[in-house]
Amino acid sequence: MEDKSNKNSKEIIITVSGADRPGITAKLMKVISDNNSDITDINQAITHNLLSLSFVLNISSDKDHDQNVLKELLFAAHEMGLKLEYSIIKEDVKYKSPYNSFIVNCVAPKKISASFIADMSQNIASNGINIYRIDNVSKEGFNSLEVLTDVPEQVDLNKVKEDLLAISNTHSTDIAFIRDDVYRRSKRLIVFDMDSTLIQAEVIDELAKVHGIGAKVSAITERAMNGELDFNQSLVERVSHLKGLKESTLEDICQNLPLTEGVEEFIKTVKKYGYKVALISGGFTYFANYLKNKLELDYAFANELEFENGELTGKVKGTIINADQKAVLVNLISQQEGISLEQVVAIGDGANDLPMLAQAGLGIAFHAKDIVRKNAQNHMSHGPMTSILYFLGIPGPEAEI
């Protein structure tokens, strides 16, 4: 038998706006419930204490209660000092929820600008991507946005990220382009590189300065971090120049390591929510272990320097922690913690961090070399370490989530 009810029904979208206060949604939904009417969709947002509430009703022309519900909703909205508008939804323009969702996270050191939003949204549109929702997720002010988008399957994600990187640099506003899946807010392990990431220094360069060969070693370091030299060979060569440096000098440098802005607040916040934190460095255990204790990290891996009679021998002991070893260690720690690699966040700045960043569910090039920013999943180039919290769905240090 043919179902005539479908022919006699229509979907109506109702939009309610006005000053927000508790109880508005409850009262309107009570009207719909009392009339036994059918609601098929709903969305609500608050902007600067102004409410925008939209919902869809399936109205049947042969049911008296469905005919009355609009009148009662209009009356209820009027009583609350709200504006109510409605229109019939045409079959060919019905809403479809995002199929391939990505979140565009935008974080500015001070304030999101209108020109940034214009350029970002124009670029999103030019790549055939539709914006479904924009939320201000800043605790105070206006420095972080989450933009929900629907990305067609044929879109070149690498091109989108390249375009967003250019916009990020133009406006000094960091952007992450993250798939909106079950793992987005279920990260459990943070892995840091040490030199120029966790701390604002290259330890081996600091050692070389004290030893009187700073310029020679720092030039090799720069080339190695840009991916121009084999890491193992460059490390062995640099350490060889440190022969004879006294262990007491390393202790002095430890006490004066400059932490990157926001590191302590970032680690304190993520550990509050049960994240494990690891340090995996191509630097040295002497300094990695010091930072592990100072920052209460859960893991620390680095290269071990050889000492003899209280001085460096100019040699490295054991397996060198290079780019490949960093990726291996990320895998091993995730297995130890019983979590998926999708739940890992890796943060680094040098070319030897790229395999580690690629291995993690969320890889972030932090104030990184150009080659790293271009090849990493995402980057943070303008704000302090605490800005990364927004990429994790945490709106700032010590925020409640």
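Is His-48 buried or exposed? With a relative accessible area of 79%, His-48 is exposed (exposed means over 50% relative accessible area, buried under 20% and partly exposed in between, using a 1.4 Å probe and protein chains only). Before going on, note that this is a predicted model, in which local features need pLDDT of at least 70, side-chain atom pairs count only at pLDDT 80 or more, and totals for chains, interfaces and linings use all residues. Residues are numbered from 1 along each chain as its sequence is written, and side-chain values use heavy atoms, with hydrogens and water left out.

His-48 sits in the loop between β2 and β3 (50-60); helices (H or I, at least four residues) and strands (E, at least two) are DSSP runs, numbered from the N terminus. His-48 is not a glycine, yet its phi is positive, about 55°. Asn-36, in the loop between α1 (24-34) and β2 (38-47), also has a positive phi of about 55° without being a glycine. Asn-36 is exposed, with a relative accessible area of 61%.

Now for helix α10 (residues 285-295), where Phe-287, Ala-288, Leu-291 and Leu-295 are buried. Looking down the axis of α10, these buried residues fall within an arc of 100°, so they line one face of the helix (the arc is that of the directions from the helix axis to the C-beta atoms). An α-helix has 3.6 residues a turn, so residues three or four places apart point the same way. Among the elements covering the buried residues of α10 are α8 (247-254), α9 (263-272) and β11 (299-308), with contact taken as heavy atoms within 4.5 Å.

Strand β14 (residues 362-366) is mostly covered, with 5 of its 5 residues buried. Leu-362, Ile-364 and Phe-366 point one way from β14, while Gly-363 and Ala-365 point the other way. On to its neighbours: β14 runs parallel to strand β13 (residues 344-348), joined by 4 bridges (two strands pair if DSSP finds at least two bridges between them). Between β13 and β14 the chain passes through helix α12 (residues 354-359), in a right-handed β-α-β crossover; right-handed means that, with the strands pointing away from the viewer, the path from the first strand over the helix to the second runs clockwise. Strand β15 (residues 378-380) also pairs with β14 in the parallel sense, over 3 bridges. Ala-365 stands opposite Gly-348, and its bridge partner in β15 is His-379.
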